Amino acid sequence: METTTTHTVARPGTVTRPGTAARPRTAARPRSVTFAGVLQLLFALAFLIAPVAGLAYGADVQAAAEAELARQGLPPSVLADKGLRFDEGGYALVLPVGTAVIAVILARLNLAGRRAGRILTLIVQPVFLALDLFILTSQLSRAEYLQSLLGGGVDAQAVLEASDRAYPAWLLAVTDGRLLLTPLVSLAVLVLLLLPSARAYFRR
């Protein structure tokens, strides 16, 4: 009696075990995707700096601003009358915390190799970039904005300087660095996920 032996030949890129069918090998995650995911996590952390600082030092900052107004001979209530507060809280936390949460979710999807993560990142990250640029320009013109609200009888720059002194110097340096860092991170994430290695990884 003749016997026939069948050999299973694996295709390139597959791994076989005795008695099992050939299975595709999981593609290794390219460095571009790993770097993009890590940057998204750093982006989320950076967006939490402002609300955390506001919760920790907000009362002191508000008191310093009101004290400066009193030194200028104005009632501290002028800030409340204009709807201005220097301490983070309530609705002021929604935007930074929500942005950070979304960034973490996208990072986890990308690091897990989910195609939806890349697609959503390419849609959402430009929105984050626009938000970054808006925050940067707002910070650069905050003295002029505050002056327009308080009127000509107030030295708005002195109020801002007094409020800034209520923060630790290191925290101010970190906050200023964040304003420049987050737009660059958004650009880097978009570039990394558009590289051929990232496209091929999510297309598998």
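**View 1. Phenylalanine 43 is a buried residue in this predicted model**. Its relative accessibility is 2%, so phenylalanine 43 counts as buried (under 20% relative accessible area, with exposed over 50% and partly exposed in between, using a 1.4 Å probe and protein chains only). Residues are numbered from 1 along each chain as its sequence is written, and side-chain values use heavy atoms, leaving out hydrogens and water. Because the model is predicted, local features need pLDDT of at least 70 and side-chain atom pairs count only at pLDDT 80 or more, while totals for chains, interfaces and linings use all residues.

**View 2. Phenylalanine 43 meets phenylalanine 128 in a stacked pair**. The ring centres lie 5.3 Å apart and the planes are at 20 degrees, which is why this pair is stacked. (Rings of Phe, Tyr and Trp, the latter by its six-membered ring, pair if their centres lie within 6.5 Å; planes under 30 degrees apart count as stacked, over 60 as edge-to-face and the rest as tilted.) Phenylalanine 43 sits in helix α1 and phenylalanine 128 in helix α5 (residues 115-140), so the pair ties together parts 85 residues apart in sequence. Both of these phenylalanines are buried.

**View 3. Phenylalanine 47 joins the ring cluster**. A search of the whole structure finds four aromatic pairs. One of them is formed by phenylalanine 43 and phenylalanine 47, a tilted pair with 5.0 Å centre to centre and 40 degrees between the planes. These two residues are four apart in helix α1 (residues 31-47), so about one helical turn separates them. Phenylalanine 47 is buried too, with a relative accessible area of 3%.

**View 4. Arginine 178 lies over the face of phenylalanine 47**. Here the distance to the ring centre is 4.9 Å (a charge sits over a ring if NZ of Lys or CZ of Arg is within 6 Å of the ring centre and within 35 degrees of the ring normal).

**View 5. Helices α1 and α2 pack against each other**. The axes of α1 and helix α2 (residues 49-71) are 4 Å apart, at an angle of about 25 degrees; α1 and α2 are therefore roughly parallel (angles under 35 degrees; over 145 is roughly antiparallel, 65 to 115 roughly perpendicular and the rest oblique). Leu45, Ala46 and Phe47 of α1 make the contact with Ile49, Ala50 and Pro51 of α2 (heavy atoms within 4.5 Å).

Technical notes:
Axes are lines fitted to C-alpha atoms, for helices over the stretch in contact, and angles run from 0 to 180 degrees between N-to-C directions.
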